[in-house]
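Thank you all for coming; I would like to walk you slowly through one structure this morning. Please have a look at the sequence and the model first, and then we will go through a few places together.

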Amino acid sequence: MKAAYRREMKQNYMIMEPEEAGYDSYEIHMMEANRIEGLLKFHVKQVDNRKFYYYEITSKQPLNRVLEYHSLGRDELKKLIEDIGRTLGRLESFLLKEKQILLEPEYIYVEPEQFRVSLCLVPGRQVGFPEEMTGLLRYLLGKVNHQDKECVVMAYGLYQESLKENYGIEDLLDIAGKNRSSEKGQDESILQTERDNKPEENQNQSSHFSYSLNEEIEERNRLFEGKEIVVVFIIPILAMFGIATALWLIFGMEGIRKFWYGVPITGIFSAFAVFAVWSKESGRPKEISVKKEEGGRQQVEHYDWQLTFEEEIEEKTPKHGTGDEEVFQTVLLNETTDDKTIRYLRSVGTDAEDIAITYVPYLIGKQEGMVDCVLTGESVSRIHARIDKDGEEYRISDLNSTNGTSVNGRVLETNETVLLKKGDEIFIANFPFIFT
């Protein structure tokens, strides 16, 4: 099922068209007449004899977008399961069915600050809810915080429970509701069960989350360092063998006896050269790829230690100041060729600071911990806009913001993406910027 998005005044809507034209049922009237907590607010519009379902998504973000930049913690996972369970419990009193709910992460909406969940119910939809719930839990396996042991144990327990026949939401709520003390004694046994007893097909589907990222990194570093030590010894030996072979081919055995000292000298110099290169490489930040399987599809995530890079960016970014300090920093920025590749949103007429787009995707909003640039203001949404780069082109997307994002005077539709050019005037809510 495909969705479109539209902004009307200060309200944002996700719009769906029913698969069956002219479909009418009591579910539609029930949802229009009642505000059901846990479901997206719903109403129907008729356009040219076609019926459309409108779901209000103002100030909310789809789950897949939130988890794209943010790992799922234990409390968030627990709240997600509990909110789904509470919503399902309310459906019966309104004669609505759980099989009408969309459980794809794209259509589950959350409020980022409190992680309050709202579900999308499509009248007339007929699917197997248990199977869709298993698919959602499989997706969440790859999104949990792998440093949070309790979260890993809970996620795996939920997924394993969903693989059983005739499981119910109450079974999942029991697992999500366990307190820390009861989980503590079972952590090792559950993780060991995952490693030893998990069926082969489940191993291929689920995330390898039983090993922490630190263990993966330490293991790979040990293997890498072991190979470097071997190289330090092998290359000098090969070099000595090579020079001895060259002397024999040119001068015969007499050449080897006459110039024998060239062989050890070559070995010593090659050993020093290899050691120098090794020392230089070991001082660099390393990028480590950790394989992860998500939703049956293998992905490779790159973890890059960027502390040095971030410090360099901070030093290069011009700071607001006065006097000689500001002049010196501006001149230094203009003379640094590397900074020419950085794009900026230059603040215009407000106290907001310039925004340096030092990497992509780059999120702008007011929710600390979930965006790259915190823009403080009542009119700014928690996750307001995103800047991406495609080749040499930069693009900006409105992320379902309440007060909108505009480019050169045109307000973007909800989730719309447009190309940016130097000199474009951009408004993030009521904060004006120039793209340079």
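Before I name any element, helices (H or I, at least four residues) and strands (E, at least two) are DSSP runs, numbered from the N terminus. Leu375, then, sits in the loop that lies between β15 (373–374) and β16 (385–390). This is a predicted model, in which local features need pLDDT of at least 70 and side-chain atom pairs count only at pLDDT 80 or more, while totals for chains, interfaces and linings use all residues. Residues are numbered from 1 along each chain as its sequence is written, and side-chain values use heavy atoms, with hydrogens and water left out.

Is Leu375 buried or exposed? Leu375 is buried, with a relative accessible area of 6%, where buried means under 20%, exposed over 50% and partly exposed in between, using a 1.4 Å probe and protein chains only. Among the residues that Leu375 touches are Ala352, Val380, Ile428 and Phe431, contact meaning heavy atoms within 4.5 Å. Leu375 and Ile428 are 53 residues apart in sequence, yet 9.0 Å apart in space, C-alpha to C-alpha.

Turning to the sheet, we find an open sheet of 6 strands with antiparallel pairing, in the order β13-β12-β22-β21-β18-β19, where two strands pair if DSSP finds at least two bridges between them. Its edge strands, β13 (355–357) and β19 (410–411), each pair on one side only. Strand β12 (residues 343–347) is joined by 3 bridges to the antiparallel strand β22 (residues 431–435), and Arg346 has Ile434 as its bridge partner in β22.

Note on methods. Lists of a residue's contacts leave out its neighbours within four places in sequence.
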